[in-house]
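Here is a short tour for anyone meeting this structure for the first time. Have the sequence and the 3D view at hand as you read.

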Amino acid sequence: MEILIPTPLRAYTAGQGHVQAEGATLSALVADLDRQFPGIRFRMIDEQCRMRPHMRIFLNGKGVFDLTTPLHDGDTVAIVQALSGG
Amino acid sequence: MTLTPLPQSDSTTNALAASDARLLILVATRKGAWLFHGDPARQRWRVDGPHFLGHIVSHVVLDPRDGCTLLAAVSTGHLGPTLFRSTDLGQHWQEARRPPAFTSTTDGSGRAVQQTFWLTPCHANEPGVWYAGTSPQGLFRSEDGGDTWSPCSCINDDPEYRKWMGTAQDGTPDGPKLHSIIVDPRDPAHLYFAMSGGGVHESTDGGRTFTPLLKGLEVVEGFDLDDPTYHDPHCVRMCPSQPDRLYQQNHCGIYRIDRPADTWVRIGRNMPASVGDIGFPMVLHPRDPDTAWVFPMDGSGVWPRTSPDGRPAVWGTRDGGERWQRLDAGLPAEQAWWTVKRQAMCADKLDPVGLYFGTTSGELWASADEGGQWSCIARHLPEIYAVETALLTP
């Protein structure tokens, strides 16, 4: 499926704002992203498998925090960063 | 106050004349890193940067063992922490394949590295080995030049150490930190580190175990002197020319210890009461163990963390802390309310020794005569977090 990549992470995707990745769950999807773009996962997800502050993942337009959330054909996934602060 | 330059230290065979090497200043800031290449006289500087624009760079260090590998500890306000490496003085950077990270747990008790804060190259006989200190407090080691990192020693998960580390609520405003990782040049198994908060600790077995080294240190009134939790070392340095001597700038004063003694002595009591002995950086002479420099700040009331009275000054001692002298020639005489963070002041190894500091207001200052005269190298940088120097061989 197509994944929207936020600008702070596009250094990992050679500038691409949309990339393809696969997975039966959000966790598997992020793992696939990391396989394709090494290092990207740790910038998003910490070593305790928690989404980092200011990092949001939207599944079909709704925010999700549980990485075990299942994915289905036709889902849309957007990785978004709240670029708050100075 | 009369401004009398301190006497120059004796040069030794280890001293490098300024004409023998080119100096590099490595500046880490809240918004990126800059490299300043100096001419042999340390009078003109070529700026190279920004590197990692917009990233929080906590520390940039050149590996003195190979003279070409740079490590940079990097994060942003929104992305997780990582490390970058360069083997061509910053022309190209490569991200570490496995940055420092705590051991994963499944019970929710595990911690996450928020920032790699401190980098220390290991012993001269251990090429490619580095230590890193993190926020929250963690000790990590790399054996491949900083490409992959693993938790080091038991302290990251030891229940007693975890108690002493406290929580983010107990730490500094930017988060509790492990810093001042020191490797004894005589023995790579002899290590020290410090934690804000959590005290100073020593290992003689390569980091497998550590023991608190707190005797003689004061804590905030009313707290238990014997509990490392309440100790807040800001910066600890080992004398390069006399590794049994360490100096410490602490939350409660300036201290010195001469091992094997186990008691710190508060040499900061010899500072003028109007200035006090609160501050963050501690800088030592590369060849004279009696010479050290500090940058006092206002630690009164709510802790403004500014130069006392808006009059910034380096203070230096030539006798191990018995007497201190104000060294502010060339610095603003008034209305300068910046200060210097714990990693943002350092010395080079030339003769005479050059001193450098970066300010919270983004200015980089230098003295080519051990603090006798100061000049501003750069202005308008972001808040400066760390300043290091390196000598580049011709």
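## A buried tryptophan

In this predicted model, W164(B) counts as buried because it has 22 C-beta neighbours inside 10 Å. (Buried asks for 20 or more other C-beta atoms within 10 Å of a residue's own, exposed for 12 or fewer, partly exposed lies in between, and C-beta atoms are placed from the backbone.) You will find W164(B) in helix α1 (residues 159–165) of chain B.

Leaving aside residues up to four places away in sequence, W164(B) touches G198(B), G199(B), P228(B) and T229(B); contact here puts the C-beta atoms, placed from the backbone, within 7 Å. D227(B) is 63 residues from W164(B) in sequence, yet their C-alpha atoms are 7.6 Å apart.

## Chain B as a whole

Chain B has one helix and 30 strands; these are DSSP runs numbered from the N terminus, helices being H or I with at least four residues and strands E with at least two. Of its 394 residues, 51% are buried. The C-alpha trace spans about 60 × 50 × 40 Å along its principal axes.

## Where the chains meet

Chain A gives 16 residues to the contact and chain B gives 15. On the chain A side, helix α2 (residues 40–44) supplies the largest share, three residues.

## Reading the numbers

Residues are numbered from 1 along each chain as its sequence is written, while chains are lettered from A and ligands numbered from 1 in the order in which they are written. Local features need pLDDT of at least 70 and side-chain atom pairs count only at pLDDT 80 or more, whereas totals for chains, interfaces and linings use all residues.

Terms used: Two residues are in contact if their C-beta atoms, placed from the backbone, lie within 7 Å.
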